[in-house]
Amino acid sequence: MEGKILIVTKKQNNLLDSLKYFFDQEKIEYMISDHLHSIEKDITNLIYFNLEQEDALELSLKSVLPMIIVEGQKQLIKNSSNTINYIITSLIQDEENYTEVQKEYLFKKGIYHIFLQKVRELLENVNHYNHMIYDLTEIEGVPDNWVFNFESISETYAWLSRKNKSLSSSFPRKVINFYDDKVYDDSLKEINYLTEKVVEIKNHMNVIDLFILTKEEFSILKNNYFFKLLLKHVSDTYRLYLIDRKKLEIEEPMFLQKMLDGIVVYDDCVYRDTYQDEFSLGYVDCNQTTIDEYNEIFDYIMNTYGYKVNSESDGNEFFG
């Protein structure tokens with residue numbers, strides 16, 4: 001989509017954040033203003049939040065641009081010659097303090113995603129709609145299940161990279177790793193991801209790695225270039241534990257099943273690997289109950305079965 005969008009709104013809210021997210025993802029130029037006093041020449045479309053009576057008059061007099069009016073209740077602009085379409089939604093009043101991952105869920109899959117689909121349709125307007133009204137007020141706003149998948153492996157890696165870079169040092173990134181040829185396969189995406197992880201550790205990012213594997217798997221992994229780098233950078237901020245998978249299979253099979261094929265516990269979500277999915281590497285769960293559950297599982301497994309590695313030779317000693 002070519003052009004530049006002017007968004008006119010008098011306050012910040014989640015609906016505005018959804019538009020910014022959408023335009024950034026789609027590489028669409030936009031600007032935000034709280035008035036219509038002047039419209040730059042390169043503006044091609046107008047999105048206006050919360051229409052009021054004086055706004056309607058101003059729009060009808062000043063703007064000849066195609067526009068989308070977003071409001072909580074239907075209010076039409078009369079006697080206007082330009083193209084105007086409407087989206088009616090209660091999201092205009094949504095000021096809930098969502099986490100960043102919950103916002104991403106809502107923008108990717110929830111009611112905000114539906115809103116953004118309608119915005120795209122009305123901006124492209126291939127059917128030449130005029131005075132089309134989309135009423136989204138009856139659509140359920142709060143989801144039952146805060147889980148979202150990725151559409152591709154590339155998208156998964158991009159999300160993990162972006163998420164890891166955004167973390168503060170106040171909460172440790174808790175990672176549960178299993179040996180798998182798909183992870184240590186020397187693919188470009190995997191090399192880039194592992195390289196980023198090493199850089200983060202060198203920069204004192206707070207990370208705890210649990211490696212759950214057998215003696216045979218460890219004998220392969222210990223020769224991996226990136227695993228060697230991890231061992232060299234064990235510190236106060238980077239902790240690495242080995243866990244005997246066979247022992248876990250006997251004593252805690254239920255926990256083992258919950259952790260396959262790998263988990264990352266963040267402060268506001270849990271990322272879970274699913275290598276069976278050929279289209280993406282995993283999914284994200286933002287449910288607070290899931291976050292609490294996996295924090296407890298991680299801490300229990302680490303404290304009960306974890307062997308803390310302090311040097312490169314420790315792994316050999318652990319597996320004998």
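Q: Why does Leu16 count as buried?
A: Buried means under 20% relative accessible area, exposed over 50%, and partly exposed in between (1.4 Å probe, protein chains only). Leu16 has 0% relative accessibility, so Leu16 is buried. The model is predicted: local features need pLDDT of at least 70, side-chain atom pairs count only at pLDDT 80 or more, and totals for chains, interfaces and linings use all residues. Residues are numbered from 1 along each chain as its sequence is written, and side-chain values use heavy atoms, with hydrogens and water left out.

Q: Which residues does Leu16 touch, not counting residues up to four places away in sequence?
A: Contact means heavy atoms within 4.5 Å. Leu16 touches Ile7, Thr9, Lys11, Ile32 and Phe49.

Q: What makes α1 roughly perpendicular to α3?
A: Angles of 65 to 115 degrees count as roughly perpendicular, under 35 as roughly parallel, over 145 as roughly antiparallel, and the rest as oblique. The axes of α1 (residues 14-25) and α3 (residues 100-108) come within 10 Å and cross at roughly 70°. Therefore α1 is roughly perpendicular to α3. Asn14, Asp17, Ser18 and Tyr21 of α1 make the contact with Lys103, Glu104, Phe107 and Lys108 of α3.

Q: Why is Lys4 called buried?
A: Lys4 has a relative accessible area of 13%, so Lys4 is buried. Lys4 lies in strand β1 (residues 4-8).

Q: What joins the side chains of Lys4 and Asp42?
A: A polar contact of 3.4 Å joins them. A polar contact is a pair of N or O atoms within 3.5 Å; within protein, one must be able to donate a hydrogen and the other to accept it, and residues adjacent in sequence count only if both atoms are side-chain atoms.

Key: Helices (H or I, at least four residues) and strands (E, at least two) are DSSP runs, numbered from the N terminus. Axes are lines fitted to C-alpha atoms, for helices over the stretch in contact, and angles run from 0 to 180 degrees between N-to-C directions.
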